[in-house]
Amino acid sequence: MFDLDSRTKDCEKTLDELERVQLAGEDQVSGERLLGHLSAEARAHAARCLDCRAAVEQLADARNLLRPLTAMQAEPGPWFVTQVMAKIEAREREEEREGVWANVRRLAPRLVAFCTLLLVLGSTWAIHVKQKEVQQNKIEPYEALFEPSPSAPLNDDVMIGARPSEVRQ
Amino acid sequence: MAKPASQEPGRKSRVEDDRELVHRAQKDDKAAFEELVKRHQSRVFAVAGGILRNREDVEDIAQQVFLKAYFSLKRFDQRAAFSTWLYKITVNECWDLLRKRKVRPLVFEAEFSEEQARQYDGMEEKADGVPDVSERMALRQEVEELMECLEERDRMMLVMKEVQGFSVEEIAEILDINGNTVKVRLFRARQRITERVKRRNAAGV
C-alpha cells in the first residue's frame with residue numbers, strides 16, 4: 001500500500017497531476033488511459049515508481065467502481081426555475097404584508113414602555129403643578145372643597161347683637 | 001451528467017459572467033437571478049443528489065438553496081465564485097436536513113420511486129448490452145454498499161470528485177478544508193474501497 005508519508009516531491013507532482021485528470025464520458029477507465037493524460041515527466045516517474053503506478057491503477061479502479069453513480073444523477077425538472085422564482089415572489093409578498101404588523105409587533109414593548117413613561121411623567125407634572133398652586137394660595141387646598149363654605153350670618157345673630165331700643169321699634 | 005466545472009468551456013468567462021449577473025441581481029434584477037438559477041440548477045441537483053437519495057428531498061433542498069441564495073445575495077461579497085458559494089449552501093442544507101432526521105447520508109436504500117424509474121426508463125432506449133433501469137439501480141446499490149466503509153465526509157468528497165467532477169480546489173473551498181487534506185482523504189478513500197472490492201472478490205462474493 002502506498003505510504004503517503006514516504007512520498008517524494010516527484011510522487012507529489014505526479015499525484016497532483018493525476019487528480020486533475022478528468023475523463024468525460026462513461027467509458028471504462030484504465031491506468032494506461034490515465035497515464036496518457038499526464039505530462040512526460042509524470043509518466044516517466046510513474047514508470048519508475050511502483051507506488052505511483054499503483055496509485056494510477058487505484059484511481060482507475062475507483063472511477064470504474066463509481067461509474068454507476070453517474071448514471072442516475074438527479075436532474076431538475078422543466079419547471080424548476082419557474083417554481084423557484086414563484087416562491088421568491090410569494091415570499092416577498094408575504095414579507096411586505098407582514099412588514100407593517102411585524103414592525104408593530106417588534107415595537108409594541110417599546111411603545112408600551114413609552115406610554116407608561118408618558119403617563120407617569122404626566123401625572124407627576126400635574127400633581128406638581130397643583131401643589132405649587134396650593135402653596136401660592138391661588139386655590140383652596142383639596143380638603144377645603146369638602147368643608148362647608150362660610151354661610152351668611154342668621155338674622156337671629158343680628159338681633160342678638162342689636163340694642164334693646166332698636167328692637168322695640 | 002453535469003459537466004465537471006473544470007472542463008466547461010470558457011470557465012473563466014463564465015465566472016465573470018456570473019459576477020455580472022450577481023451584481024445585477026444584487027440590485028434587484030430578478031431576470032439576472034433567474035439566469036443564475038438556470039445556469040446552476042443542474043449542479044445544485046447533482047451535489048444534493050450525491051448526499052441525499054430521495055428525489056423529493058433533493059428538489060426541496062435545491063429550491064431552499066436558491067431561495068436562501070436570493071435572500072442572502074446582498075450580503076454576498078463575491079470574494080469566492082458564486083458557484084462555490086452556492087454549492088456550500090447546498091452541502092450545508094443537505095447536512096442540516098440529515099441532522100434533523102438523524103440519518104446517515106448515502107445509506108443503502110432503494111429510494112427511487114416508480115415515477116423516477118419510469119422517468120429514467122423513458123430517457124433511453126433499451127438495447128442489447130445496455131443495462132436497464134433495474135440493473136443500473138442494482139449496480140448503484142452495490143456501489144453504495146461498498147462505500148459504507150467510508151466516513152460520511154470522505155464519501156461525499158469521493159462522489160463530488162469522481163462522480164460530479166469537482167476539482168480538489170473546489171472541494172476544499174466548498175467544504176472549507178485544506179486542499180492537501182482533500183487529496184489525502186480522497187487517496188485513502190479510494191484505497192479503502194478498492195481494497196474492499198479485492199477482499200470481496202477474493203472471498204468469492
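Predicted model: local features only at pLDDT ≥ 70, side-chain atom pairs only at ≥ 80, totals over all residues.

Modeller: Start with a meeting of two helices: A:D10, A:K13, A:T14 and A:E17 in α1(A) meet A:A42, A:H45 and A:A46 in α3(A). By class, that contact has two nonpolar, two polar and three charged residues.

Biologist: How do the axes of α1 and α3 of chain A lie?

Modeller: Helix α1 (residues 9–20) and helix α3 (residues 40–48) of chain A have axes that come within 9 Å. The axes cross at roughly 115 degrees. The crossing of α1(A) past α3(A) is left-handed.

Biologist: Why is B:V15 called partly exposed?

Modeller: B:V15 has 15 other C-beta atoms within 10 Å. Buried needs 20 or more, and exposed needs 12 or fewer. The value for B:V15 falls in between, so the residue is partly exposed. B:V15 lies in helix α1 (residues 11–26) of chain B.

Biologist: How far apart are B:V15 and B:A81 in sequence and in space?

Modeller: In sequence, B:V15 and B:A81 are 66 residues apart. In space they are 6.8 Å apart, C-alpha to C-alpha.

Biologist: What makes B:D28 exposed?

Modeller: B:D28 has 10 other C-beta atoms within 10 Å. The limit for exposed is 12 or fewer, so B:D28 counts as exposed. B:D28 sits in the loop between α1 and α2 (30–51) of chain B. Its phi is positive, about 70 degrees, although B:D28 is not a glycine.

Biologist: Why does B:D176 count as exposed?

Modeller: B:D176 has 9 C-beta neighbours inside 10 Å. Exposed means 12 or fewer, so B:D176 qualifies. B:D176 lies in the loop between α8 (168–175) and α9 of chain B. Phi of B:D176 is positive too, near 60 degrees, and B:D176 is a residue other than glycine.

Biologist: How do you know that the span of α9(B) is close to the expected one?

Modeller: Helix α9 (residues 179–202) of chain B has 24 residues. At 1.5 Å a residue, 34 Å is expected. From first C-alpha to last, α9(B) reaches 35 Å, close to that value.

Biologist: Which residues of α9(B) are buried?

Modeller: Among them are B:V182, B:L186, B:F187 and B:I193. B:K183, B:R185 and B:R190 are buried as well. To be called buried, a residue needs 20 or more other C-beta atoms within 10 Å. Over chain B, buried residues make up 34% of the 205 residues.

Biologist: What is the secondary structure of chain B?

Modeller: Chain B has nine helices and zero strands. Among its contacts between residues at least 6 apart in sequence, 69% join residues at least 24 apart.

Biologist: How many residues has the largest nonpolar core?

Modeller: That core has 63 residues. Those with the most contacts inside it include A:V56, B:L86, B:M157 and B:I171. Leaving aside neighbours within four places in sequence, B:I171 is in contact with B:M157, B:M160, B:K161, B:F166 and B:V182. In soluble globular proteins, nonpolar side chains tend to be buried together.

Biologist: How many residues of chain A are in contact with chain B?

Modeller: 29 residues of chain A are in contact with 39 residues of chain B. On the chain A side, α4 (50–71) and α5 (80–135) each supply at least two residues. The largest share, eleven residues, comes from α4(A). By class, the chain A side divides into 18 nonpolar, five polar and six charged residues.

Terms used. Residues numbered from 1 in each chain as written. Chains lettered and ligands numbered in written order. Contact = placed C-beta atoms within 7 Å. Helix = DSSP H or I, 4+ residues; strand = E, 2+ residues; numbered from the N terminus. Nonpolar A, V, L, I, M, F, W, Y, C, P; charged D, E, K, R; others polar. Expected span 1.5 Å × (residues − 1). Axes fitted to C-alpha atoms, helices over the stretch in contact; angles between N-to-C directions. Left-handed = near helix turned anticlockwise from the far one by under 90°. Core = buried A, V, L, I, M, F, W, Y, C linked by C-beta atoms within 7 Å.
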